[in-house]
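Work through the exercises below with the model open. Each task is followed by a worked solution.

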Amino acid sequence: MMPMKTHRILCLFASVALWLAPSAGGLHAQKATPAEAKPSQGEATKPPGDPFVKGKPTPAKPPAAPEAPPHHLVFTFETYKMPQSALDALHEEALAPQPFFDRVRQMVTAGQAALESLLVVPTRSGQRSTVESVDELIYPTEFDPAVPGRPFHFPTAYEMRPLGERIELDPVEGPDGAIVDLNAALSFTRLAGFTAAKADPNADGEVLPVIASRMINSAMSCRIGVPTLMGTTSSPKGTGVTGADGDGSVSITFVRYGHSSPVPADVPAVADDAADISKNIRMVFRFYSLPREKARDLIAETVDADILLQKTTSLPKDEAKLERVVTVITRSGQRSLTAESGEWMYGTEMVPSAPPKVDAKVAKPAGPADPKDQAAKPAATPTQPVFKKGAPLLPAGFSRFETRPTGWRIEVDPVLSIKANVVDLNLAPELVEYRGIVQGHPLLARYPEQPMFAAQKVTTAVTAVVGRQCFLGTMSRPHDTGANGRQDDGRTWFAFVKVTVE
């Protein structure tokens, strides 16, 4: 017979086992087979488990979106001159952007308005770019006082003021490519003449330039293909400054934004690995000039560089002129500079004309004698330089010079892509010309001679397809700047580059 104490212990274990049996069976029943784990039709799919827990499946990543083909943005700025009353009437009609622009073009056809300026800038989103077409006026800002024999102030320091047109823009393209946010600064500056600033009615005065300027500095949103009104850039009126006032007409500026042709998807890559980047890159730059209205019509038809160049070269020889061809060869990632220039040196610091100087004694002021000073050594009588009376003037001269390269200069930094048949280009082609000595006022003849230079330059960044033309924009000669008799030639320059890999 089992002892009472042992019997009680066995009964207790039996009770615990019976109590745990249903719970254990329930836990076992909750385990599902793979077939049972699948959700039935209409049942919501449960989110995947934590991928960081061991043994749990990692959810599949969504497929990456296809990379957009490389392209660049092309901005066309058109400025039209018309009577103020005509523009006022157009505003009263409350026309939408495209009809407004179309009416202006109709006025050009009817001879009621004229295309005053055409600036075209291709660039990439987020890249600041500039186009300038200027005459560089060097004028005095500091003078040496008059001396015996030279009854006028002599210039000793100079500054430079660009005259002409300049555009600076910073675009940011929207995600769908249909709208771009544009920060732009457009300016037109001209020399209205010279004036003699007098501090004494008995003096001739100091000759200084009179500048007339027009400027728009604004931010706007542009829709692709639609001419957007940027504002008016009219000549000043009612300023009271002789030579600066305009004729009362109004100049209105539009900006149109478009895409260049994207790279075709089936273009083969030129580089299979990083080793191919060591190949040479040949860039052939071509510059053409053609009538401004004809250039505007071609840009309005297409911004595809190959087609644009074909249309340009198909014009009659008296309309389209090949101005220059420059070839640049370098490797990917290497900045290259090509210069074809003559170096013009000019003075920047002057020694004024004046009579020779002599030392003159300065009288010692009279005072009571001090016994203590008698034993001391007498001090030297101080002297100071003075001009020698009646002596002829010593000629003026330059004490410092600077050099201005004139001619062609092309700076470019190409980067060849190993994924596509394209080259990213950061570049700055420039043409500088010497235009003679600054003229425009008879009193300038008594000042040191200062040269005038003209500069045409584009600074931008584009994506070029290997083996195809790439349009770089316009880099025209300055228009009517008023400097040294400058007249508007009515022509616009196109710049192209073709990239090949060797």
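The model is predicted: local features need pLDDT of at least 70, side-chain atom pairs count only at pLDDT 80 or more, and totals for chains, interfaces and linings use all residues. Residues are numbered from 1 along each chain as its sequence is written, and side-chain values use heavy atoms, leaving out hydrogens and water.

**Exercise 1.** Determine the strand order of the open sheet that contains β9 and β18.

Solution. Strands are DSSP runs of E of at least two residues, helices runs of H or I of at least four, numbered from the N terminus. Two strands pair if DSSP finds at least two bridges between them.
- β9 (280–291) and β18 (491–501) pair over 11 bridges in the antiparallel sense.
- One of the residues to check is Y288, whose bridge partner in β18 is F494.
- The four strands follow the order β10-β9-β18-β17, with antiparallel pairing.
- β10 (321–331) and β17 (469–474) pair on one side only and are the edge strands.

**Exercise 2.** Which strands does helix α5 lie across?

Solution. Helix α5 (292–301) lies across β9, β17 and β18. Its direction is at about 125 degrees to β9, where axes are lines fitted to C-alpha atoms, for helices over the stretch in contact (heavy atoms within 4.5 Å), and angles run from 0 to 180 degrees between N-to-C directions.

**Exercise 3.** Is M345 buried or exposed?

Solution. Buried means under 20% relative accessible area, exposed over 50%, and partly exposed in between (1.4 Å probe, protein chains only). M345 lies in strand β11 (336–351). With a relative accessible area of 53%, M345 is exposed.
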